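Hi,

Here is the structure I promised to pass on. Have a look at it first, and my notes follow below.

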Amino acid sequence: MGDTGYIESQLNYVEDGYIGLPGSPVAFLLGATDALYFGRSPDRHGKSLAFIQARAESAAAEPIIHDYLAKDTIVDLAWSNMSRFDLDRLLSWWRTVARGMAMAFDYIDINGIRATVQFASPRLPEIRERTYDSYEVKVSLRVM
Amino acid sequence: MINAFVLGPTTVQFDAPPLRAGGDSPELFQVEGRDSLGTRYIYDKGAIVRTSRRLSLKITGATLNALLAFAADASHGAKIPFTWHDHDGIAHTVRLVGSISHQQIGPDRHRAEIALEEDAVWPDPGAGYGKDSVTGAAPVWILKLTVGGVNYYLSDMTISIASWEGGIVTKPWVAAWGSVQEGISNSLSEIRVSDFSVTCLINPDAAPNMETLATGYVMEANPAELYLWFRGQDPVASPPVMKFRGYVKNVEIPDNTTVSLVIEDETVRLGKYIGTKVDRTAYPSADPDDVGRIIPIPYGSVSKLPALALEAGIQTSIPANISSTATSFPVSDATGLAVGHIIQADDEQMLIQGVSGDTLTVQRGVNGTIAASHLMGAITWQRKNRFVYVVADCALDAIPKVYGRVGEAEMDITSICTRYLGSPGNELAGYEGKAVITVLGYITVQQAVEMMINDGIDVIDVATLLNTLVISNGTLNAGDTIQMTDNISVIDTISLTNGLHSHTYNSSNSQAASNCPVQSGTVTSNFNGISGVYWRVNFAATAGTRSQITFNVSVTKKVANSLTVEIWLGATQIKSYSSIISGEKMTFEFTLTSGIAGDTLDVFCRDGSGLGNTFLQVDSASRTIQFSGTSSGSVTVSKNGSAGRTAPMINLPKTGKAYLAGNIEYTGTISKNGATWSTKTGTVTPYGNSVANTLVGDTILCDVVRNVTAPGDVVSNILSTYCGVTSLQQVGAFPASYSINGAITEYRTALEWLNEIAFQCRAWFRMELGAAKLIVRPDALATVKTIPACRATNDGRRIHRRRKAPYDDIINKINLLFDRDWSKSRGDDAYRGMSKATDATSIANYGERERPELFLCDFITSQTMADDVCAFYLLRYAVRQWLHEFETYLDHSELKFSDAIILGFSGNTAGEIIEAGCSPGSSTQIDTVKFTVLA
């Protein structure tokens with residue numbers, strides 16, 4: 001049993017000053033009936049802010065930049081030990097409720113903050129089985 | 001079963017589960033885009049969700065060999081899916097992807113890396129994901145090909161639509177969609193045909209597949225149609241919508257996996273040339289000048305439309321002089337001439353008795369004409385009893401007038417023509433469905449000609465009238481004999497007066513004394529048994545009718561006794577005088593009016609007392625004879641009897657007239673000898689009749705009426721008659737003054753004619769998805785939709801290109817010519833009306849810009865319509881507009897060519913879509929529509 005990713009992940013919570021508790025209600029919600037609560041919390045999510053913005057440069061590389069058209073906030077979620085049960089529910093949610101990128105839904109992060117999001121990509125970046133009933137799962141969400 | 005690959009009877013059983021280093025990557029076929037407002041569009045492009053897996057196994061050499069054999073012989077690499085039973089016992093249908101890598105890591109230990117691909121069904125979206133859904137719509141494109149009578153529905157995925165076109169299942173053969181750019185360019189004089197390309201896969205396991213279809217059939221024969229549908233929609237309520245229709249134009253098989261098709265807009269099928277050309281095969285005696293021309297196709301009312309001579313007789317020429325007696329000579333071209341034909345050269349007619357090559361054997365001077373010599377180049381034409389001119393390649397409603405061209409003038413010859421409208425019951429045999437006129441016989445026209453020759457021309461410098469004037473042959477026949485009447489017509493009957501003509505008997509001079517009736521008492525004669533004195537009067541046979549005879553008798557009684565004197569006429573006593581006293585002398589008179597008709601009249605007198613004539617002395621007697629009527633001849637009065645007197649003959653004068661009638665003839669010679677010389681200077685104006693051109697063989701013009709004059713009706717007629725397009729949709733209404741009055745007289749494509757007619761009634765014509773459209777261009781745009789945003793790239797650039805309309809399209813001066821004179825060739829001088837307009841501001845900005853070649857309006861005859869069309873084009877093209885080219889998403893895919901829209905992303909500019917296209921999406925590219933807007 002050399003694979004210790006799960007333990008390391010748990011330690012990361014401590015090292016990163018995680019203030020919540022494992023099993024905090026990270027959830028995906030859509031409407032009144034569709035809700036996906038994860039039994040195991042993800043790692044602390046990462047966020048990025050991207051600007052849709054035209055940029056041009058003169059022949060001497062002096063930029064002329066238009067105001068941005070839109071800005072995208074991307075939330076990267078990563079589970080290091082998602083259970084098979086959660087994985088199956090996530091895949092089901094992804095396919096049937098969110099229909100991939102199509103539908104917007106609410107994401108409640110480990111801090112209990114709700115945001116309306118969509119899956120940011122038609123691909124779930126990675127699902128890797130680390131050990132029995134423990135999967136590494138990465139998901140990108142686009143904040144609406 | 002766990003940790004095994006199974007395909008039919010073949011199984012590879014792994015010794016241990018795979019290492020957990022591998023990963024899965026579930027992926028949907030979804031694409032996204034963004035518009036210029038930042039809105040994200042996410043389309044669901046696939047019907048499957050694909051999970052890529054990578055297995056890492058530690059296996060024995062035997063298992064490795066089994067695995068490799070399995071991959072090669074069972075699954076045939078990636079070709080055949082098989083079942084993978086994972087370490088949890090869950091079965092997955094997978095296929096190999098790429099290679100199987102393996103490495104020996106110990107004795108009989110190998111590490112193998114296997115890439116797998118697992119597809120699962122991706123359910124259709126719900127009903128709410130239609131065209132207008134910004135995210136989640138699942139557009140799918142279907143290409144319908146009809147090949148060999150079978151419909152094939154191709155797409156990039158397998159789709160079942162049960163209630164459309166009888167239920168279809170698409171074949172997932174499309175590898176790549178091209179883009180459709182459909183529309184008409186802004187240029188007024190050009191039509192751009194759009195095309196669409198598609199790359200299809202060759203499925204070697206399918207029969208047929210694209211390769212066999214492409215090589216085994218003519219794919220160009222039937223239309224190809226591109227449909228857009230959204231998965232999840234009710235196909236009954238929201239069926240697939242056709243977005244493009246065309247015909248396969250190019251087919252290419254670049255390798256053994258794909259077939260590429262180029263499909264061209266169906267307007268290419270309107271490239272058909274319309275009209276029936278006159279040719280000598282169908283019309284052997286057509287006028288050579290008309291061969292190759294098309295039979296006119298008129299619409300509305302067309303005046304003086306040239307008719308074509310389909311039966312005009314053969315015309316050729318004489319290549320060398322011929323004498324008046326030559327009976328065999330060559331002509332330039334004897335084609336069509338045959339024995340029995342009558343030909344004419346100059347004024348002579350000839351009967352063809354033989355044709356050998358180009359040499360004719362003829363009988364000269366037939367039909368009362370005189371054989372004459374003819375010079376080289378003399379025109380020779382066949383005389384016919386009937387000449388046929390075709391007026392229209394269709395039935396007409398009326399041919400009000402027919403004109404013959406005489407020199408530069410047209411003459412009404414309607415009365416000598418028979419007109420056939422070409423409709424059932426009014427057709428000329430052999431020319432069914434065509435309007436024709438016939439002209440019987442060969443017609444020449446005398447035309448009054450007045451020629452002003454010269455103001456000062458010496459007409460005859462020396463006029464020699466006659467050196468010798470010979471009036472007759474030397475004998476002037478005034479009359480050989482004066483013919484008096486042969487007989488003097490004397491009045492045959494002398495008309496005597498009807499009165500009395502007294503012939504006095506005078507005994508002293510006409511009666512012999514012995515015949516004197518004076519008796520001395522002795523009866524000296526006995527008449528009729530009665531003694532007495534009597535007088536006999538003998539009338540000649542020619543004597544006239546006597547009306548009365550009066551006798552005067554004087555007697556003397558010789559005795560004293562009473563005495564009776566009786567007067568007898570023949571045996572009839574007619575008078576009796578009594579009591580005559582003796583010695584008394586008595587005279588009495590009596591008149592006879594009857595019994596005097598005979599030639600001999602006997603009257604006697606006697607003594608009625610029986611004493612006898614002794615006692616009666618007749619002293620004298622006279623008589624007066626009165627004739628009635630006209631008497632003629634001689635009258636002889638005689639007295640027979642005792643008196644014995646003969647009436648004297650009397651000569652009567654005869655008066656009458658005589659004359660002589662007859663001819664007087666004078667015979668002699670009259671001649672005048674001498675010379676007359678004269679010089680005349682001045683104006684000579686010959687005036688009189690001269691023989692002008694023959695009508696037949698020359699231009700015949702007809703006024704025609706065909707009650708198809710509304711622009712929509714005309715376009716519809718052209719489409720249905722010549723292109724097999726039976727439906728036309730007119731968008732908008734034409735002004736009331738708009739009517740088409742013109743004719744198709746040139747051999748051009750249907751598309752050209754349709755475009756020209758549409759232009760002349762300020763409309764667009766185009767084929768759109770199997771239907772023809774005639775779109776009236778309004779004065780003011782009525783926008784139907786606002787497009788708030790265009791498509792933007794991922795780095796925020798708007799896909800919105802603006803460029804000014806071509807400089808050549810600026811029009812700020814228009815001289816629109818209309819009311820075509822069809823007897824003239826197309827050109828500036830062939831029109832009778834003009835509408836003019838200019839835009840001073842535009843001229844100041846751009847200089848004078850005119851497109852005269854566009855405004856020769858053959859189909860306009862109304863000044864009102866011409867003015868309106870002129871004003872419209874000046875309004876639209878005097879200002880140089882902008883062309884906006886941009887892309888949007890499918891929520892605007894319903895917009896079509898000519899729709900007026902507002903560009904919300906470009907200052908709310910209103911414009912007219914002049915191009916509307918689309919780009920079907922793919923697994924990596926979102927579906928878009930593309931517009932070009934003139935605004």
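**What turned up**

E887(B) is buried, its relative accessible area being 17% (buried means under 20% relative accessible area, exposed over 50% and partly exposed in between, with a 1.4 Å probe and protein chains only). Before I go on, the ground rules: this is a predicted model, where local features need pLDDT of at least 70, side-chain atom pairs count only at pLDDT 80 or more, and totals for chains, interfaces and linings use all residues. Residues are numbered from 1 along each chain as its sequence is written, chains are lettered from A and ligands numbered from 1 in the order in which they are written, and side-chain values use heavy atoms, with hydrogens and water left out.

**Salt bridges**

E887(B) has R791(B) as a salt-bridge partner, at 2.7 Å from N to O (a salt bridge is a side-chain nitrogen of Lys or Arg within 4 Å of a carboxyl oxygen of Asp or Glu). That pair links distant parts of the chain, 96 residues apart: R791(B) belongs to strand 49 (residues 791–792) of chain B and E887(B) to strand 53 (residues 882–888) of chain B. Helices (H or I, at least four residues) and strands (E, at least two) are DSSP runs, numbered from the N terminus.

Over all chains the count is 56 salt bridges. Another one joins E266(B) to R245(B), with the closest N and O atoms 2.5 Å apart. E266(B) sits in the loop between strand 18 and strand 19 of chain B and R245(B) in strand 17 of chain B, so this pair ties together parts 21 residues apart in sequence. Both E266(B) and R245(B) are buried.

**Around strand 18**

Which strands of chain B pair with strand 18 of chain B? Strand 15 (residues 195–201) does, antiparallel over 7 bridges, and strand 17 (residues 241–252) does, antiparallel over 6 bridges. Strands 17 and 18 of chain B form a hairpin, with 5 residues between them. Strand 18 (residues 258–265) of chain B is mostly covered, with 7 of its 8 residues buried.

**Cores**

The largest nonpolar core has 56 residues, and Y299(B), I718(B), I744(B), F765(B) and L816(B) touch the most other members. (A nonpolar core is a set of buried Ala, Val, Leu, Ile, Met, Phe, Trp, Tyr and Cys residues joined through side-chain atoms within 4.5 Å.) Elements of chain B that each supply at least two residues of this core include strand 19 (297–311), helix 3 (711–723) and helix 6 (863–877). Helix 6 of chain B gives the most, with 8 residues. Leaving out residues up to four places away in sequence, I744(B) touches residues including I274(B), Y299(B), I718(B), W753(B) and F859(B) (contact means heavy atoms within 4.5 Å). Apart from this core lies another, of 49 residues, with L154(B), V180(B), V198(B) and A916(B) among them.

**Aromatic pairs**

The whole structure has 34 aromatic pairs over all chains. (Rings of Phe, Tyr and Trp, the last by its six-membered ring, pair if their centres lie within 6.5 Å; planes under 30 degrees apart count as stacked, over 60 as edge-to-face and the rest as tilted.) F70(B) and F82(B) are edge-to-face, 5.0 Å centre to centre with 85° between the planes. F70(B) is in helix 1 (residues 61–74) of chain B and F82(B) in strand 5 (residues 82–85) of chain B, so the pair ties together parts 12 residues apart in sequence. F70(B) is buried at 1% relative accessible area, and F82(B) is buried at 2%.

**Chain A**

Ring pairs link F28(A), F38(A), W79(A), W93(A), F105(A), Y107(A) and F119(A) into a cluster. Chain A has a mean pLDDT of 80, with 83% of its residues at 70 or more (pLDDT is the predictor's confidence in each residue, from 0 to 100). Over residues 1–23 of chain A the pLDDT is below 50.

How values were computed: Two strands pair if DSSP finds at least two bridges between them.
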